[in-house]
Amino acid sequence: MRASNGITLIELLVAMAVLAVVAALGAPAMQGFVRTSQLRGATNEVAYLLAYARSEAIKRGHPVTVCKALDVAAEAPECTTNAANSWQGGWMAFVDFNEDGIPNTQGTRSDVRLRVGQVNYAGLQIDPGTNFRDFVRYLPMGGSQGSGGQAGGLFTICNHGKGRRIDIGNTGHTTVKELATC
């Protein structure tokens with residue numbers, strides 16, 4: 001009897017079939033894992049940005065505004081109030097000396113851009129609610145104020161039916177909550 005040094009074609013086909021079944025069963029679970037990770041990452045990015053803006057407002061003693069931005073890749077991105085533009089398109093944080101919600105570079109005191117960012121995954125939606133439709137402003141004492149004129153509000157971030165919510169209290173503190181559905 002001769003010793004075998006390899007595998008037969010039948011053994012190779014069986015191994016490939018088992019691998020295909022395992023991959024087919026694992027793909028939907030992996031897709032759900034990726035979407036959940038994207039949702040958590042996007043939520044953490046926005047929550048961090050808001051906490052950073054609040055901290056900078058307190059530290060600098062001047063209001064800091066976070067607005068939705070037109071072109072985050074531009075050298076000097078601008079804020080937008082156009083309803084067609086959304087928060088997932090990008091945002092910008094800046095010291096807003098005159099509290100107008102627009103980064104000014106003219107005049108005696110130019111606003112200071114602090115941070116620009118974007119989280120844009122397929123299927124991701126960021127809903128700022130009515131108060132934070134265009135911007136969130138943090139005041140030197142730490143409180144928040146939205147473009148709707150109210151203190152406090154929320155952001156809801158959804159990704160393929162799953163969601164998380166960032167609640168911003170009147171004092172500017174943020175809390176993140178899981179949503180059962182979105």
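Is strand 8 (residues 162-168) mostly covered or mostly uncovered? Select strand 8 and see: 5 of its 7 residues are buried, so the strand is mostly covered. Buried means under 20% relative accessible area, with exposed over 50% and partly exposed in between (1.4 Å probe, protein chains only). Strands here are DSSP runs of E, at least two residues long, and helices are runs of H or I of at least four, both numbered from the N terminus.

Before moving on, note that this is a predicted model, where local features need pLDDT of at least 70, side-chain atom pairs count only at pLDDT 80 or more, and totals for chains, interfaces and linings use all residues. Residues are numbered from 1 along each chain as its sequence is written, and side-chain values use heavy atoms, leaving out hydrogens and water.

**Stop 1: the neighbours of strand 8**

Strands 7 and 8 pair in the antiparallel sense over 7 bridges; two strands pair if DSSP finds at least two bridges between them. Pick T156 and look across to R165 in strand 8, which stands opposite. Then go to the hairpin, with 2 residues between the strands: H160 takes a positive phi near 55°.

Strand 8 pairs with strand 9 in the antiparallel sense, over 6 bridges. G163 has L179 of strand 9 as its bridge partner. This hairpin has 5 residues between the strands, and G172 takes a positive phi near 95°.

**Stop 2**

Show the open sheet of 4 strands, in the order 4-7-8-9, with antiparallel pairing. Its edge strands are strand 4 (124-127) and strand 9, each pairing on one side only. From one strand to the next, the twist averages 15°. Axes are lines fitted to C-alpha atoms, for helices over the stretch in contact, and angles run from 0 to 180 degrees between N-to-C directions.

Next, select helix 1 (residues 9-60). Helix 1 lies across strands 4, 7, 8 and 9, running at about 10° to strand 8. Contact means heavy atoms within 4.5 Å.

**Stop 3: the cores**

Select L50, W91, F155, I157 and I166. Of the 26 residues in the largest nonpolar core, these touch the most other members. Such a core is a set of buried Ala, Val, Leu, Ile, Met, Phe, Trp, Tyr and Cys residues joined through side-chain atoms within 4.5 Å. Helix 1 gives the largest share of this core, 9 residues.

Zoom in on F155. Among the residues that F155 touches are L50, W87, I126, F132 and I166. Finish with another core, lying apart, of 6 residues, among them A69, C79, F94 and F135.

Methods:
Lists of a residue's contacts leave out its neighbours within four places in sequence.
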